[in-house]
Amino acid sequence: MASGQEHWDGVYGARPEDELTWFEATPALSLELVRAHLQPGEPFIDIGVGASRLVDVLLDEGFGPLTVLDLSGAALAVSRQRLGARGDDLAWIEADITTWEPDRTYAVWHDRAVFHFLTAVDDRAGYARALSDALRPGGIAIIATFADDGPEMCSGLPVVRYAPEALSQELDRLLPGQFDMLEARRHLHITPKGNRQSFQYSVFRKTDR
């Protein structure tokens, strides 16, 4: 993966979580989409969880089992410290999504801003293999990236920007016929410093065929 563990450990070690550009005190759109597709008792995974507070709310609302995955041990440590004993109810995975081999399947896969860092074709192919193996038939993938008018760089790294149609086409190229797009939303994220970043959130269903 182009953006390695050392890079992200440095990012999360350099600043408090609420000063990171992607910080959301309440991840409202992610919560809305997850609630629409996840039932209590169904397995959920958050890819590139970082210090996201999405799982905090899902725990509060009785969802689970919940799994979080991140390349950076430093990022996971931030979430572990914040959650304290509540974190014992999560499954924690420190892994590179492009090489990760899941050992179970999930009902909902959530990724806010991992896929757009995968600028190499082989990394996107590795991500797609993990997605296909990890999501059960009929499962839901929520994938958020910088929109086509979003930033070209993030945290010192280049990104690939996507319109929803382009993301759908890329996913179908990587996993032909495996996913149908259900909906897409545009989202304007305001960073802690007040900068505006355009995102797109796309929701896909894994087909049974």
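Student: How does Arg 86 count by relative accessibility, and at what value?

Tutor: This model is predicted. Buried needs under 20% and exposed needs over 50%, with partly exposed in between. Arg 86 falls in the middle class, so it counts as partly exposed, at a relative accessibility of 34%.

Student: Which residue meets Arg 86 in a salt bridge?

Tutor: Side chains of opposite charge can pair when their charged atoms come close. For Arg 86, the N to O distance in its salt bridge is 2.5 Å. The pair links distant parts of the chain, with Arg 86 in the loop between α4 and β3 and its partner 26 residues apart in helix α3. That partner is Asp 60.

Student: Is Asp 60 buried or exposed?

Tutor: The cut-off for exposed is over 50% relative accessible area. Asp 60 has 58%, so Asp 60 is exposed.

Student: Which helices hold Arg 124 and Glu 170?

Tutor: The side chains of Arg 124 and Glu 170 meet in a salt bridge of 2.9 Å, N to O. They sit 46 residues apart, in distant parts of the chain. Arg 124 lies in residues 121-134 and Glu 170 in residues 164-174, which are helices α5 and α6.

Student: Are Arg 124 and Glu 170 buried or exposed?

Tutor: Buried means under 20%. Arg 124 has a relative accessible area of 11%, so it passes that test. Glu 170 is at 12%, so it passes too. Arg 124 is buried, and Glu 170 counts as buried.

Student: What is the orientation of α5 and α6 to each other?

Tutor: Their axes come within 10 Å and cross at roughly 80°. Angles of 65 to 115 degrees share one label. So α5 and α6 are roughly perpendicular.

Student: How many residues in the contact of α5 with α6 are nonpolar?

Tutor: From α5 come Val 121, Arg 124, Ala 125, Ala 128 and Leu 131. They meet Glu 170, Leu 171, Arg 173 and Leu 174 in α6. Three of the residues are charged and none is polar. The nonpolar count is six.

Student: Which residues have the most contacts inside the largest nonpolar core?

Tutor: In soluble globular proteins, nonpolar side chains tend to be buried together. The largest nonpolar core here has 32 residues.

Student: How many residues are in the second, separate core?

Tutor: Its members include Val 114, Ala 130, Leu 171 and Leu 175. Leu 171 in α6 is also part of the contact with α5. The number of residues in this second core is 27.

Student: Which residue forms a salt bridge with Asp 148?

Tutor: Asp 148 is at 42% relative accessibility, so it counts as partly exposed. It lies in the loop between β5 and β6, while its partner is in strand β8, 38 residues apart. The closest N and O atoms are 3.5 Å apart, and the partner is Arg 186.

Student: What percentage of the protein chain's residues is buried?

Tutor: The chain has six helices and nine strands. It has 209 residues in total, and the buried share is 53%.

Key:
Residues numbered from 1 in each chain as written. Predicted model: local features only at pLDDT ≥ 70, side-chain atom pairs only at ≥ 80, totals over all residues. Heavy atoms only, no water. Core = buried A, V, L, I, M, F, W, Y, C linked by side-chain atoms within 4.5 Å. Buried < 20%, exposed > 50% of the residue type's maximum accessible area, 1.4 Å probe, protein only. Salt bridge = Lys/Arg side-chain N within 4 Å of Asp/Glu carboxyl O. Helix = DSSP H or I, 4+ residues; strand = E, 2+ residues; numbered from the N terminus. Axes fitted to C-alpha atoms, helices over the stretch in contact; angles between N-to-C directions. Parallel < 35°, antiparallel > 145°, perpendicular 65-115°, else oblique. Contact = heavy atoms within 4.5 Å. Nonpolar A, V, L, I, M, F, W, Y, C, P; charged D, E, K, R; others polar.
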